[in-house]
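Here are a few notes to read alongside the structure. Have it open on screen and look for each spot as you go.

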Amino acid sequence: MKLHDEQQGQWSNRTGSTLLEVSISIAMVSIVLGVAAMVGIAGRKAFVTANKQAQLDSQLKIALDRISAELGSAISSSLDPQLTGMVTDTDEISLAQVLGIVDGVPVPSPDLISFSFEDDPNDPVDGLDNDNDGVVDEARVVFVRGSGGTSPSAITICKNVRRHLQGEEEGGGDENGNGLIDESGFLIQRDGNLLSIKITVQGTNANGESVTKTSSASIVLRN
Ligand SMILES: [Ca+2]
Ligand SMILES: [Ca+2]
Ligand SMILES: [Ca+2]
């Protein structure tokens, strides 16, 4: 009987150890699977955000390249506004381009061009996302050739522009600390012969989360 009891005890201990081992194994596998799932979710989240940022980067590059190319031949005295007095920034500018040089003097083109921050007609400013693209009250940058003339041609060169520059919120403050209050998401500034352009665009990634991107360009006025 003693032998039987000892055997029974051994069997009980072995069974107990086995259950403990199984429990530990299950717990470890659960932890590993949990960590793997978290890494997978975080990786996917980072990927969809990076993917949207790349799209916005590409959109900004195309717009800023176009603006830089057009402003590169601007006649500085034709800039409206001039941005050399009390006002040093704007979200709307028109100017004449150089047609040629006569006796060292730049000859202006008869037509003006302009860039301006405009409301998106598909999403009027009412605090709602009327066109259901995930961005509320977005704007756009419009380029007009022949501005002020009889047959102007307008194209949108940047869409989904944020109403205010990145970090800035409506309300009369300077939340992004750049010295400007409620500046729009298309900002032109002048310092001597240097024009700087900033654009902030917004979009939503595949998870429906908001992604914001800002790019800038500098143009030296040569004429
Ligand atoms: Ca709206
Ligand atoms: Ca919208
Ligand atoms: Ca500001």
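Leaving aside neighbours within four places in sequence, which residues is Gln97 in contact with?

1. Start with that one, and keep in mind that this is a predicted model. Once you skip its neighbours within four places in sequence, Gln97 is in contact with Ser73, Ala74, Ile75, Ser109 and Ile113. You'll find Gln97 in strand β2.

2. Now for the core. The largest nonpolar core has 28 residues, and Ala63, Val141, Val161 and Ile199 have the most contacts inside it. Several elements each supply at least two of its residues, among them β2, β3, β4 and β5. The biggest giver is α1, with six residues.

3. Click on Val141 next. Not counting residues up to four places away in sequence, Val141 touches Ala63, Phe115, Phe117, Ile157, Cys158, Val161, Phe186 and Ile199. Two of the names there, Ala63 and Ile199, also came up among the residues with the most contacts in the core.

4. Last, follow the strands. β3 and β4 pair antiparallel over eight bridges, and Asp119 stands opposite Ala139 in β4. β4 also runs antiparallel to β5, joined by six bridges, with Phe143 opposite Ile155 in β5. Five residues sit between β4 and β5 in their hairpin, and Gly148 in the turn has a positive phi of about 85°.

Conventions:
Residues are numbered from 1 along each chain as its sequence is written. Chains are lettered from A and ligands numbered from 1 in the order in which they are written. This is a predicted model: local features need pLDDT of at least 70, side-chain atom pairs count only at pLDDT 80 or more; totals for chains, interfaces and linings use all residues. A nonpolar core is a set of buried Ala, Val, Leu, Ile, Met, Phe, Trp, Tyr and Cys residues joined through C-beta atoms within 7 Å. A residue is buried if 20 or more other C-beta atoms lie within 10 Å of its own, exposed if 12 or fewer, and partly exposed in between; C-beta atoms are placed from the backbone. Helices (H or I, at least four residues) and strands (E, at least two) are DSSP runs, numbered from the N terminus. Two residues are in contact if their C-beta atoms, placed from the backbone, lie within 7 Å. Two strands pair if DSSP finds at least two bridges between them.
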